[in-house]
Amino acid sequence: RTPAQVQAELDWLLALREAGAAVLEPLPSLTGTWTELVVRDGNVVATAACYRKVPGRHLHPTEWDADLRRRFGTLLGHLHAQARAWTPPGPLRPDWRDADTLDRAAEAAPEDEALQAALRQLLPRANTLTQRLSDVGTIHADAHTWNLLVHDGGACTLIDFDDAVRGPYLYDLAVTLY
């Protein structure tokens, strides 16, 4: 990611925290900036950001109950509601499909005709998701059970925002259900 893309992700985290969402907290570096460039042998190899350690643990999918699923859904709804009213001050990754995940899904099991038939139906519909602007905004894009830490007492914190992109809100729900 470029420094501007990392900064935009941090800006969203800061805005989410200000809105009361249970997400990890970015911390400024020792120089007071939100991002630092990692340089090796005179070459920039990464853009780094720091975060406050989040208490809690990952739960195995068998440990999830109806209440935790409801709280996770409420948290995603909070993220999406905030994203609807927020414009990134800088660029996120260009598009939710920049990794071509859907386009390459057929490669996972080329011999599975049922999967191939389902993909032929799904892909044209998935390509229309970004056409309805009211359903598109900044999304987490990796909101699954291993990116939720559950604290003692049941409080939850969503982590791992490095895949945040502009995309359909439905994508976050699809990742969670998958």
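Analyst: To begin with the cysteines, C50 is partly exposed, with a relative accessible area of 39%. Please keep in mind throughout that this is a predicted model.

User: And C156, buried or exposed?

Analyst: C156 counts as buried, because its relative accessibility is 11% and the cut-off for buried is under 20%.

User: How many disulfides are there, then?

Analyst: A search of the whole structure finds 0 disulfides.

User: OK, stepping back, what is the overall layout of the chain?

Analyst: The protein chain has 4 helices and 8 strands, and along the sequence these elements follow the pattern α-β-β-β-β-α-α-β-β-β-β-α. Of its 178 residues, 37% count as buried, and among the contacts with a separation of 6 or more, 72% are between residues 24 or more positions apart.

User: What about the surface?

Analyst: The accessible surface of the protein chain comes to about 10,500 Å², and 56% of that area belongs to carbon and sulfur atoms.

User: Now helix α2, what length should it span?

Analyst: Helix α2 covers residues 66-84, and at 1.5 Å a residue its 19 residues should span 27 Å, which agrees with the 27 Å between its end C-alpha atoms.

User: Which of its residues are buried?

Analyst: The buried residues of α2 are L68, F72, L75, L76, L79, H80, Q82 and A83. They cover an arc of only 165° around the axis, so they lie on the same side of α2. On the other side of the helix, A66 and R84 are exposed.

User: Why would residues with gaps between them point the same way?

Analyst: An α-helix has 3.6 residues a turn, so residues three or four places apart point the same way.

User: What do the buried residues of α2 pack against?

Analyst: Their partners are the helices α1 (3-18) and α4 (169-177), together with the strands β5 (136-139), β6 (148-150) and β7 (156-158).

User: And what happens at the start of α2?

Analyst: There, a side-chain oxygen of D65 reaches to within 3.2 Å of the backbone nitrogen of D67.

User: What does D142 touch?

Analyst: Leaving aside residues up to four places away in sequence, D142 touches N147, D160, D163, D172 and V175.

Technical notes. Residues are numbered from 1 along each chain as its sequence is written. This is a predicted model: local features need pLDDT of at least 70, side-chain atom pairs count only at pLDDT 80 or more; totals for chains, interfaces and linings use all residues. Side-chain values use heavy atoms; hydrogens and water are left out. Helices (H or I, at least four residues) and strands (E, at least two) are DSSP runs, numbered from the N terminus. Buried means under 20% relative accessible area, exposed over 50%, partly exposed in between (1.4 Å probe, protein chains only). Contact means heavy atoms within 4.5 Å. Accessible areas come from the Shrake-Rupley method with a 1.4 Å probe; for residues, only the protein chains shown count as cover. The expected span of a helix is 1.5 Å times one less than its number of residues. The arc is that of the directions from the helix axis to the C-beta atoms. A polar contact is a pair of N or O atoms within 3.5 Å; within protein, one must be able to donate a hydrogen and the other to accept it, and residues adjacent in sequence count only if both atoms are side-chain atoms. A disulfide is a pair of cysteine sulfur atoms within 2.5 Å.
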